[in-house]
Each structure stands twice: as structure tokens, then as C-alpha cells.
Amino acid sequence: MKFQGSSSYIATQDLMLAVNAAITLKRPLLVKGEPGTGKTMLAEEVATALKLPLLQWHIKSTTKAQQGLYEYDAVSRLRDSQLSDVDGGERVKNIHNYILKGVLWQAFTADEPVALLIDEIDKADIEFPNDLLREIDRMEFYCYETREWIRAKHRPLVFITSNNEKELPDAFLRRCLYHYIKFPDATTMQQIVDVHFPGLKRELLVAAMKTFFDVRNLPGLKKKPSTSELLDWLKLLLAEDIPAHALHTADDKVAVPPLLGALLKNEQDVTLFEKLVFMQSRNR
């Protein structure tokens, strides 16, 4: 299996190399980068390109590693035991009826190779990655309730994403390949836009790209606009039929663009940008 990119996802050469290295070495690929740079979409596109089913585990601050393996529903079993006259207690006798299989169990026991996405692992507490060391490394775990080892029939292609909200333990990092998705340069960004908006007028594209990078390159921004926010903004510009000349001034200076709230997401950044525009207008 080799990933060569896809018609709907612009992958740089180094990103494709990282994916194929993970496939060759059979190690999880840890993908970091700014929010909105396509980390989650990478797993989806690779799975589609390689014709692999994709299992997704979206991590929250309350997620525990055990949930990815399995959970034992003791409450339901107790309730059913009190109603055992319904089916003679046959359901209660089989503990497998109360084992809720997590995504790792499903990935390990799948009859065909699958892709597995562990999304935003840095949202969980610091012990979460450590609790998955053996499972990620050896692709097996023990179910105490059923007294059986669950081992991978086929080693899944594992993608792990992180927004760098927390540092990950060294022992966990040792078991992964690592790739940082750099923010796209202007040329790559134009290719991404072309994929999503193939009929976009050249004049609007040039004006929108200049405005976007002017906003993004403003020093002091708390949250820089990302790729996904550029795509959302372009979608709104097209929906509202905003002309290209509305995105800049007559002398091609930075202006407050329409629908700025699609690019900047907090009051501090909006105020900072408006001050810059005001200062430039005073210096004309």
C-alpha cells in the first residue's frame, strides 16, 4: 500500500513520505499542526485512497484509555439478573453480552485491515497516552472479565493527531512516527482552494489570498486564521456574491474585509487588525 495523495486532498511530498513510512514500519503516525490544517482529514483521505475502513476515536478531556479497549456494563447485567425469569437467565450467564467493545477492540478483531484515527490525543489527561503504550506497541490487550487476550488479526494503520495543547510522554513518542503539517505556502494554498472551488474567478482568488495572508501575517494575533477558515470565508464570499474590489482599497492597502468574523475568532484579534487598518489609512 502506498499513499499518493488524492484529488480532494493536497498532500505535500514530505507528508506522503511520512504516511508511507508509517505503512512500511507499521507504526502509528503522530500528526501535529495548527488546528484547521487537515490533520483529521488526512486519515479520512488516506483510508479512502487505500480502500480501508476507517474507525474513529475522538478524544475528549474526560476520555479514558479503557474506553478504547472495552467497558463492562455491570449495571445492565445486574438489572437483567433481577429479571432472569424472562429468558431463564441465559443472557446473564454469558458475560460477553455485557462487554462494550471499544474502537481498538473493533480494529484488532476486524477481518480485514483497517485505518484507525485517534483524534486530538492531547485533550485527554497526561496518563492517557501512557495507558495505551502496550496496545499501541504490541497491538494486544487482556480482557479480565472474559479472561482472553485480544490480539490484532491485522495491524491497523494508526493515525494520531495532536494540537500541541499538552506535551506527550517520551515513551509514547518513541512508539510513533512523527510529522508536523506546516502551514501551506501561497502556492500550496492556491492548490487547496482550486480543489474546493474549481470555478473561482481569478480576480477574486488573488484578492482573497492577499487579504487572507495579510490578516494571518499580522504580528500579535492570538489565533491566526487557518486553512479551514479560509475555505469557510471563500464559501461565504461566493454565497454573498462579494466582488473582488471589496477586499482591498483602491491603492491596494489592507482593508477590513467583509465577513471578517469567518477569519478572526476573538475580539482582541479583530481590534488589533482594525487598528492596523486605521493606522495605514492615516499614513496614506
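Leu15, Met16, Ala18, Val19, Asn20, Ala22 and Ile23 are the buried residues of helix H1, where buried means under 20% relative accessible area, exposed over 50%, and partly exposed in between, with a 1.4 Å probe and protein chains only. The model is a predicted one, in which local features need pLDDT of at least 70 and side-chain atom pairs count only at pLDDT 80 or more, while totals for chains, interfaces and linings use all residues. Residues are numbered from 1 along each chain as its sequence is written, and side-chain values use heavy atoms, with hydrogens and water left out.

Helices (H or I, at least four residues) and strands (E, at least two) are DSSP runs numbered from the N terminus. H1 has 13 residues, and its first and last C-alpha atoms lie 18 Å apart, close to the 18 Å expected at 1.5 Å a residue, the expected span being 1.5 Å times one less than the number of residues. The cover over the buried residues of H1 includes strand E1 (29-33), H2, E8 and E9, contact being counted for heavy atoms within 4.5 Å. Just after H1, lysine 26 takes a positive phi of about 55°.

H1 also takes part in the largest pocket, together with helix H2 (39-49), strand E9 (177-181), helix H10 (186-196) and helix H12 (227-239), these being the elements that give two or more residues to its lining. The pocket holds about 590 Å³ of space, and of its 33 lining residues Tyr9, Gly36, Thr37, Gly38 and Lys39 lie nearest its centre. On a 1 Å grid over the protein atoms alone, a cavity is a set of points where a 1.4 Å probe fits but cannot get out, whereas a pocket is an open set with protein on both sides within 12 Å along at least five of seven lines, and lining residues have an atom within 4 Å of a point. Grid points are joined across faces, edges and corners, and the volume is the space filled by probe spheres set on the points.

Helix H2 also contains alanine 47, which counts as buried because its relative accessible area is 2%. Leaving aside neighbours within four places in sequence, alanine 47 is in contact with Leu52, Leu54 and Ala115. The C-alpha atoms of alanine 47 and phenylalanine 3 are 9.3 Å apart, although 44 residues separate the two along the chain.

The interior can be followed through its nonpolar cores, each a set of buried Ala, Val, Leu, Ile, Met, Phe, Trp, Tyr and Cys residues joined through side-chain atoms within 4.5 Å. The largest core has 32 residues, of which Trp57, Leu116, Ile118, Phe128, Ile160 and Phe172 touch the most other members. Elements giving two or more residues to this core include strand E2 (54-58), helix H6 (103-109), strand E5 (115-119) and strand E8 (157-162), and the largest share, five residues, comes from H6. Phenylalanine 172 touches Ile121, Pro129, Leu133, Ile136 and Ile160, not counting residues up to four places away in sequence. A second, separate core of 23 residues includes Leu204, Leu205, Leu231 and Leu237.

Leu204 and Leu205 are among the buried residues of helix H11, whose 15 residues (202-216) should span 21 Å and have end C-alpha atoms 21 Å apart, in agreement.

The structure holds twelve salt bridges. Another of them pairs aspartate 111 with lysine 153, the closest N and O atoms being 3.0 Å apart, and it links distant parts of the chain, 42 residues apart, from the loop between H6 and E5 to the loop between strand E7 (148-151) and E8. Both partners are exposed, aspartate 111 at 67% and lysine 153 at 52%.

Finally, the loop between H12 and helix H13 (267-282) contains aspartate 241, a residue with a positive phi of about 55° although it is not a glycine, and exposed at 66% relative accessible area. Leucine 259 is found in the loop between H12 and H13 and has a positive phi of about 60°, but with 36% relative accessibility leucine 259 counts as partly exposed.

Methods:
Salt bridge = Lys/Arg side-chain N within 4 Å of Asp/Glu carboxyl O.
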